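I opened this entry to keep a record of what I looked up. My notes follow the display.

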Amino acid sequence: MTLKYTYLLFYVWMVLLSMPSYANNGAIELITKTTQFEAGQSISLKFSNTDNETPSLYVSNSYGSTIIKPEIDSGILNYQIPQSISNKTGVVNWKLLANNSLSGAFTIISKQKAVALETYLGPPSIQAGGTDYSMLVVIPTDYLDNPLADSTKVTVKHQFLDNQNEEVVLMKNRIAYKNIYSETKTGRILVSSECLGFNSKEYTVNVLPAIPTDFNISHSRNHDYADGNQITTFSTSIIKDQFGNLVSDGTYIDFFITNRSNHILKTSSTTIKGIAVAKMIHPDHEDQWTVKAFVEGMAESKPIELAYKTIISDFNVLFSEDYRTVTIGPLKSFMNQMVPDGLEVSLSVFQNEIKLNTLTKSSFEGYATFKLDTNNFPSENYTLKIETAGVQKTYPNVKL
Amino acid sequence: MKETSNKYLIVALLIGIAFHGTSIFFTLETTYDALIHLFFADHYANSWFEPWNYKWYTGFTVMSYPPLVHQSIAALSLIGGLKFGMFTVALISIVLFITGVYRFSLLITSNRTVAGYASILAVFSSSFVETLHIFGQLPSIIGISVLMHALPEIYLWLKTGRYKYLFTSLSLISVTVTSHHVTPIFGMIFFIFPLIGMVIMDVSREQVDSVKAITFKVFINSFFKLFKRIISFGMLSLVIIVGCILPYWINSKNNPITQVPIPHGSRDNFLEITSSGLVFFLIPWGVLLILLPYIFYRYYSKRYLFFGLSITILTVLGTGGTTFIPRLFLGETAFNILTLDRFTLWASIMSLPLFGEFVYRFVEGDLKQLIQDKFGAIYHRLIGGILAGLFLFMTIFTMSLSYFRPSQPQQIKMLPIINFLNQDQHDNWRYMTLGFGDQMAWLSAQTNAMSVDGNYHSARRLPELTTRPIERLENSKFKGVEGIGSLQQFLTTPEKYNFKYIFSNDKFYDPILYFCGWQRLRQLENGIQVWEKLNVPPVSSILPKEDVAKWLKILWGIMPFLTVLIAFILNIQMLWINTLKTKAKAIPEFLKFQNNYTKFSRGLLRITHVWSIILAIIVFYGVHLFYIKNDAHHSPENALLAYYDALDFKEFETAYSLINPESNLPIAQYMLEISVTDGLLSSYAKLDAIETIVTSKTDSLATVKVNTKWITPLEKINKTDYKTLVKLKGKWYVNPEDIDLDLPPDQLYSDNVTKYFNQGRRRITTEQTHHEDVLKQPVLEILSAKLVKHNGSYALIGEVQNIDNVPADVVLKGTLYNDDNKQLATYNAKYHVKHKLMPKEVSSFKINFEGIAWSRTQDSIPKTFNPDEFTPVEFEEQPTKFNLQVAGNVSGSDLYKGTSISDLDISEEQITGKLFNSGLAEVTIPQLLFTYYDQHKNMLWVDHQFIAEGIRQQRQQSFDYPILKNDTIQVINEDMKNCFVNGLPNVSISNKVVPNRIENQTHTVLQPIENKNYSFIKIEINTYIGNPN
């Protein structure tokens, strides 16, 4: 029962509310019946007017709002919509600022002729393998920079290797878009689009290789002697991804070298045409290397082993009369030639089992000479240990 | 009586303008301060009424310095440019100073001839020459000059009570205060108070018969007689001092100088730091030192008694830190804020009238008579010659000081830098200069771009700057560890300041720039190297400023010129009217108290002689000490010090002269050996301290342990060398070091590398880079990240990999939060990451949260600063969570990867080994990154070491790394859910790009070590190439 009263009250209120507007509605009426215009057209709203009233018209679209004063022509109110509004597509709401609240809306549609294709393509590089993609977004626009109407056909064309594709996509929500997936090969996808006979310029997506796969390594060296001078070169096989593409130039490869004393040496390189070439100086003592290369977390090689033979099995040590000048050499290499300059020779001085000092010298033309001055080593008994190329000699109780 | 022009004054003016007016064009631009004033002038020239300046220190207010001089330059710059304005103002200041000294001398001595002498002497006085030609303190000179002009007017007001003089004196005080704020404040105390005393004395003198008859009672009576005038003058001048630069005082109150005091040479102990003693004591006093007994004798006569007290205080305060008195007298705060050289300047200026008087008496007065009677005419001439010679020597020496010891780098052509900043919207980012000296102000004046740094340290606002005793970041290397430490904080987190470009005029800073992640852009045609940082956003178009009320701005803009105008009308105009009326002018009151100069005190002459002998002895002893200290061959220590000094300053020929001549090392060979050494120590280090300990010494042989401390841009290096020296023919020589004899096997090497070039925008256009020309940010992956607490300080460690196909510049930014998700600290990775990663390359990283990283910066900076030490104060809130943002940008520079580890030897204590450079570029600074793991191969810590020596191509270099021991380490959080790469979640990137990652693949090749905390270690190599070809 209460509900009925409520309804009744509501109706009465509605009627009361609409009465004044009814009363005045006869005065001003919309004459223009068109509710759809093309952007760029001159648009004017005409109203018949029996009163002498000249109300302003409030007009609003998504870019903004304005108020227009009418031109009066023999009792007809003529509202000219400004270009700033009539050039933009979309819904335009209007309302007369009179005593009555006459209002309405019209739509502006774009001119269905593309003069520009606003295009976005990204990312500009993707990974091969068919899962990564780049998105092309095309917005065909008319001469007033309005997007064309939804469902306008846009042809997206792309070329990759021998394939050339065309596909029609329809505009939706004022854009047309297409995901362009990579294939299994690397290369360059050229993309363009077309709309209503208008063609875009060329866009590029680079397809870069996927992650590398396992590979092999090899080595090359001039000889297998540990002379501490020559260079051993490690090379990888051609590294490819799972689809057979060469990995991109500059891919970083780490080579880990485990030597006989279980120390891990390291060299590295970057690939060119899939091959990385790393260099390492020969050890200066007999050694056995196990080398394995990695692309961290992605690929690795099988280990290879290589051995270095010692170049020196023995050497002479010559003391001066006061034992203060120690000459080591001649240091002869595998063909009895003098070792190349720079072989490290170390002389450690011990006294009562305590190491006092280690002097190191580089060999020069097969010899290394140490001078033990009186300042650092006063006249007493010392033990001298001389080491080079992994060979050690000890001279106990040398009286300096 | 018709007043004749004073010939001496006219001569002084002519010589002064000719001498200073010519030389300022060669000196003023290389002074410390002149270009700063020029920068301020540029500000006024562009926005006279807006005090906020954005160009320095992320914004500061020019209301922090009295504006008159700056506004004058600005006004004149509208006619002929800024430098025209500066030189014109400098010329005006010269005229003002000479005439000011004349008027002040006339007031003191009441003798036109003496005043004329004083004005001529003022032209060449070493303190004025120094202030103008070395310091370039234009406002200070104008301030003191106008104050000297004001003194006679004040005297006349107090003496006669005519209001005319009150107004003229006040008008001149107002000009003084608008040109320099410190001058009138201390001028009140040191010049005007004694002047008041002198007036009272003069008034008393008029009441009694002789000077002797002036008793304390008479003095007090006269004081009360003049009391009204004194008080009225005092009150009104106080009002003027406050009122004329009211905005300055308001600003000082609102932004009190809370910064850490900046060391200044004038506060040094002059006996210890002799260079400061020279510049801040010897030069300003100059030949006046000899006359000190005369000056004090005269100023302590009854009439000048208060000037005597004043000059005594000034003299003592001017001695800086040599004695404890200035510190006691001024108090700790004032002592650390004021530069004490100004006291010496004022004391020397106060001495000028008496200097003139002495010279007058010496040249044509009673002193001449006395000396000639006592010692004969020749002696008089001889002494005169010596005094004149010394005086001229001091002047010439002061003028040419900056020639022998340049205080500034060579003049830099700014145009290429200005063009660079104008091109391509480079001025949308902030920049910094390195090694420009005070010329940075001239650059700032010419460009619209903003700098992080600045050259007026009182106006600094960033806590990063105010908490450090660093004057400028620009010359931070001269401030040792603290300077470099402050600089690197800016280099590490440049995003915070929108700081993208560095113009480097000093190779010294190159390594720190590289290891902080900066890259070389190019060298401009003036030789300035441009560095840039990637991933820095531009400055926002709306910047914060501290606005002040409009009336303050108007007051600030109008008041200074108004004071000049009023002073002009009141002083000059009246002079004109007087002249035109050709009315016989009354003699000014102060001319009534003339001294007849008839009897020079014999005792004083004797004292002056004794004093001169003492001075001479001190000078000769000083020279002797200097000689002993600098005779390189005198002792083994001297030889070594000279040798290291020569190496430090790259004077290799001098160094060679200290090498044992019997070592058969030709100079050509020595130079060659030096030329092939490169590295942190030989190319980028500055010797900070050296200590020599002679371990054994015989008559002809010595072994010396040399402990050296080097400041390098990266870290402090302590080095111990053992050098042997020999004595040959009574001279000590250093035995040369052995050189590396290693010979690589080949002559010619070839290598293939991939090079990259990013051309930026492809079309030449002024528009912003088109979206098509923007490269994709390289995809990185954070392999691991964790928050650890190591020995009490927090750090983020982990590994990052470039999983893209192009080389990447890596920026890592870590943020720490507590349990309530409150942000505590944010900082970037500095040295502990390879900033440039090739495709698929991995780098360990560590982010330390240094002082300024913490939100409560003020609290977190330890009192004793060490940039490698950043233990923040204990927080109530401990960091428990972290956020890690990694950004990659394509970079084609600094991608050298040719260094390998060719030998290793590991003991419990240390790792020794060799690095082999297998590539074709010389590695200037190798850096090793050590990653520590526990027994389960979990990452625990990242450490680094810079190798002090470089590695030449195809050669080896040994290194020696002490393994970390006794660390306390605690992993706080390993949750990687807040790790982001280029703004995207790390997990999704990882899943997409490397879905089948082989986890912990290289764990098989971790190096085992023997250590309590750590079981494995990984060594990575990063290299800085100083000269990429």
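I began with terms: helices (H or I, at least four residues) and strands (E, at least two) are DSSP runs, numbered from the N terminus. The expected span of a helix is 1.5 Å times one less than its number of residues.

The model is predicted; local features need pLDDT of at least 70, side-chain atom pairs count only at pLDDT 80 or more, and totals for chains, interfaces and linings use all residues. Residues are numbered from 1 along each chain as its sequence is written, while chains are lettered from A and ligands numbered from 1 in the order in which they are written.

I checked helix α26 (residues 602-630) of chain B. Its 29 residues should span 42 Å at 1.5 Å a residue, and the end C-alpha atoms are 42 Å apart, which agrees. The number of its residues that are buried (20 or more other C-beta atoms, placed from the backbone, within 10 Å of a residue's own) is zero, so α26(B) lies largely in the open.

Next I looked up an open sheet in chain B. Its four strands have the order β21-β20-β27-β26, with antiparallel pairing; two strands pair if DSSP finds at least two bridges between them. At the edges stand β21 (939-946) and β26 (1007-1008) of chain B, each with a single partner strand, so one side of each has no neighbour in the sheet. Strands β20 (residues 925-933) and β27 (residues 1016-1024) of chain B run antiparallel and are joined by nine bridges. I found B:Y933 opposite B:F1016 in β27(B).

Technical notes: Buried ≥ 20, exposed ≤ 12 C-beta atoms within 10 Å, placed from the backbone.
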